[in-house]
Amino acid sequence: GNQHKVEANVLLLGAENVGKSALTVRFLTRRFIGEYGDIESIYSHIDKTDGREIALNIWDSLYPQSCETTESISDKQMQWADGVILVYSICDRSSFEVVRQQVQLIRQTRKLSASTPIIVGNKRDLLHQRAVSSEEGRLFALSADCGFFEISAAETYHGVLLVFHEILDLIKESKALK
Ligand code: GDP
Ligand code: MG
C-alpha cells in the first residue's frame, strides 16, 4: 500500500543476567531456551500489529565489565535508541540499583522529546527468591516517569508481548510529536 514504513530502534538495558536476551528471544521466536551466552546483537524484525508495518530493531546490550571507568550506556546507544527498556531481576536487588542509575543517566542526557522509558521487573516466576517488591518497582517507575511491567520471560510470552507493544506505542507517540 501507500503506507509509510515506520522504523523503531529499541535498546535493552540493565545488569547482566536479568533476562535481556531471554526477553528478546521470547519476543522474536515465542520460545524460552534457557541459555543465551554473552552475545551483544541487534536483531531486526517486522512487526505487523494494528495493520501497520514497523521495522523494529532490538539492541540486546551487554552491561560493560568496567563500569567505574566508563558510563554504563554509550553515546552511540543513546543516539541510536528511539525507545529504551530497562530490565532488572526481581530476585536481584543490585540489578534494581543498576536500573535506577541508568534511568538517571538517560534523564540527564536524553532529549525531552524522546519516548518514555519502560522499566521491566523480570523473573516474576521466582517468587520465593523475590528481593524487590512489586510496589517498590512500580513506585520507582512512577516517580521516574517511566512505564512499568513485572513479567516472566521464562513462563509466558504474553507479558513480553505487552512490553514490546507498549514501547512501540510510546515510540509512535514521540515520533508523531516531532
Ligand atoms: P542477560 O544477561 O540479561 O541477557 O540475561 P539472560 O537472558 O542471558 O538470562 C540470564 C539467566 O536467567 C538465564 O539462565 C535465563 O535462562 C534466566 N532467565 C531469564 N529470564 C528468566 C525468567 O523470567 N525466569 C527465570 N526463572 N529465569 C530467567
Ligand atoms: Mg544477554
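Q: Which residue of strand 6 does I119 stand opposite?
A: In this predicted model, I119 stands opposite F148 in strand 6, while L86 has I119 as its bridge partner in strand 5.

Q: Why is strand 5 called largely enclosed?
A: Because 5 of the 5 residues of strand 5 are buried, the strand is largely enclosed by the rest of the structure. Both of its faces are covered, with I118, V120 and N122 buried on one side and I119 and G121 buried on the other.

Q: Why is N9 called partly exposed, rather than buried or exposed?
A: N9, which lies in strand 1, has 18 other C-beta atoms within 10 Å; a buried residue would need 20 or more and an exposed one 12 or fewer, so N9 falls in between and is called partly exposed. Leaving aside residues up to four places away in sequence, N9 touches N57, W59, W80, A81 and D82.

Q: How do you know that the length of helix 3 agrees with its number of residues?
A: The 17 residues of helix 3 (residues 93-109), at 1.5 Å a residue, should span 24 Å, and because the end C-alpha atoms are 25 Å apart, the two values agree.

Q: What makes the buried residues of helix 3 line one face?
A: The buried residues are S95, F96, V98, V99, Q102, V103 and I106. Seen down the helix axis, they fall within an arc of 150 degrees, so they line one face of helix 3. Their cover includes strand 1 (6-13), strand 4 (83-89) and strand 5 (118-122), whereas the face turned away from the buried side carries the exposed residues S94, Q104 and Q108.

Q: Which helix gives the most to the shell around ligand 1?
A: Helix 1 (residues 20-29) gives the most, with 3 residues. The shell divides into 6 nonpolar, 6 polar and 5 charged residues.

Technical notes:
Residues numbered from 1 in each chain as written. Chains lettered and ligands numbered in written order. Predicted model: local features only at pLDDT ≥ 70, side-chain atom pairs only at ≥ 80, totals over all residues. Helix = DSSP H or I, 4+ residues; strand = E, 2+ residues; numbered from the N terminus. Nonpolar A, V, L, I, M, F, W, Y, C, P; charged D, E, K, R; others polar. Expected span 1.5 Å × (residues − 1). Arc of directions from axis to C-beta. Contact = placed C-beta atoms within 7 Å. Pairing = 2+ DSSP bridges.
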